[in-house]
Amino acid sequence: MENNNAATASKTPVTLLGLGAMGTALARTWLDAGHPLTVWNRTPARAEALAAEGARVAASAAAAVAANRLVIVCLLNDASVDEALAGADLNGKDVVNLITSTPAQARARAEWARERGARYLDGGIMAVPPMIGAPEAGGYVFYSGSQALFDQYREVLAVPAGTSYVGEDAGFAALHDVALLSAMSGMFAGITHAFALVREEDIDLSAFAQLLGDWLTAMAPAVHQEAVHLKTRDFTSDVVSNLAMQVAGNQTLLDTAEGQGISSELLLPYYALMSRTLEVGSPEEGTARMAELLGK
């Protein structure tokens with residue numbers, strides 16, 4: 001597609017490093033919005049389609065960085081950032097790093113950028129490629145680091161997905177990202193165990209999936225009580241299912257798994273921590289103290 005020169009004249013130019021599935025999805029949203037776009041990818045063939053759509057393809061990562069002040073990084077991992085940008089001049093550049101990283105890696109990368117004369121913003125993408133450029137899908141990106149950089153480019157960054165700035169600490173975007181993904185991982189572990197229990201029975205799995213989804217949705221508001229308990233350290237207020245009740249009920253879940261011929265390996269770590277929490281806390285408490293025990 002051809003970009004109209006008048007329409008793009010006032011748009012912020014963007015450099016994008018990395019054209020995997022996510023990078024390509026991001027690139028198309030900026031092109032569609034009229035932003036002049038320079039791209040680079042280790043495998044040049046991946047840039048061909050974007051070139052046909054109006055992107056300028058740089059011969060090297062260093063050349064792509066030199067093309068524009070705003071540099072978006074969407075590479076595989078932290079090590080690939082070092083490799084790609086080893087020969088690039090970052091002085092005066094604004095770097096937005098969208099790789100999946102740990103908080104420690106993000107903080108170290110922010111210092112790395114500062115030493116090279118660049119402002120830095122870290123990002124954690126809470127979306128999969130089909131959600132990019134589709135506001136109704138609900139995808140968004142956590143950002144942390146330079147507040148001034150975020151404020152300056154807020155509209156540009158909001159083109160592919162919603163934005164959520166979570167603080168000056170460069171590690172906070174990664175921390176929010178990983179915390180949410182960790183909760184999702186635990187949920188999927190429970191979903192896996194639930195389907196394992198019923199899959200060999202005369203049960204309609206589609207109907208069961210509807211029940212399971214509705215049940216998880218109904219339980220989700222419990223996160224708010226967890227937050228209040230951790231903030232106040234009052235672990236007994238408004239508790240509906242206390243630790244004593246939940247620990248006692250655990251055996252039924254384990255016995256059912258055994259009866260169905262299903263391993264309890266996805267349940268046992270959580271139940272062990274719950275039992276340990278009961279030993280050091282009150283039977284009337286909820287589960288929030290478990291988070292504190294994980295930190296000891």
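Residues are numbered from 1 along each chain as its sequence is written, and side-chain values use heavy atoms, with hydrogens and water left out. In this predicted model, local features need pLDDT of at least 70 and side-chain atom pairs count only at pLDDT 80 or more, while totals for chains, interfaces and linings use all residues.

**Exercise 1. Strand E1**

Determine how the faces of strand E1 are covered and which strands pair with E1.

Solution. Strands (E, at least two residues) and helices (H or I, at least four) are DSSP runs numbered from the N terminus. A residue is buried under 20% relative accessible area, exposed over 50% and partly exposed in between, with a 1.4 Å probe and protein chains only.

- Step 1. In a regular strand, side chains alternate between the two faces of the sheet.
- Step 2. In E1 (residues 14–17), Val14 and Leu16 are buried on one side, and Thr15 and Leu17 are buried on the other.
- Step 3. Two strands pair if DSSP finds at least two bridges between them. Four bridges join E1 in the parallel sense to strand E2 (residues 37–40), where Val39 stands opposite Leu16.
- Step 4. From E1 the chain passes through helix H2 (residues 21–32) to E2, a right-handed β-α-β crossover. Right-handed describes a clockwise path from the first strand over the helix to the second, with the strands pointing away from the viewer.
- Step 5. Strand E4 (residues 70–73) also pairs with E1 in the parallel sense, over three bridges; Val71 in E4 is the bridge partner of Thr15.

**Exercise 2. Strand E6**

Describe the cover of strand E6 and the sense of its pairing with E5 and E7.

Solution. 

- Step 1. Seven of the eight residues of E6 (residues 119–126) are buried, and the strand is mostly covered.
- Step 2. E6 is parallel to strand E5 (residues 94–97), with four bridges; Tyr120 in E6 is the bridge partner of Val95.
- Step 3. Together with helix H6 (residues 103–115), E5 and E6 make a right-handed β-α-β unit.
- Step 4. E6 and strand E7 (residues 140–145) run antiparallel and are joined by six bridges. Here Phe142 in E7 stands opposite Gly124.

**Exercise 3. Aromatic pairs**

State how many aromatic pairs are counted, and characterise the pair of Tyr140 and Phe142 and the pair of Phe195 and Phe208.

Solution. Rings of Phe, Tyr and Trp (its six-membered ring) pair if their centres lie within 6.5 Å; planes under 30 degrees apart count as stacked, over 60 as edge-to-face and the rest as tilted.

- Step 1. The count by this rule is five aromatic pairs.
- Step 2. The planes of Tyr140 and Phe142 stand at 90° with ring centres 5.1 Å apart, so this pair is edge-to-face. Tyr140 is partly exposed at 25% relative accessible area, whereas Phe142 is buried at 6%.
- Step 3. Phe195 and Phe208 are also edge-to-face, with 5.4 Å centre to centre and 75° between the planes. Phe195 belongs to helix H8 and Phe208 to helix H9 (residues 205–219), so the pair ties together parts 13 residues apart in sequence.
- Step 4. Phe195 is partly exposed at 26% relative accessible area, and Phe208 is buried at 17%.
- Step 5. Tyr143, Phe150 and Tyr165 are linked into a cluster by ring pairs.
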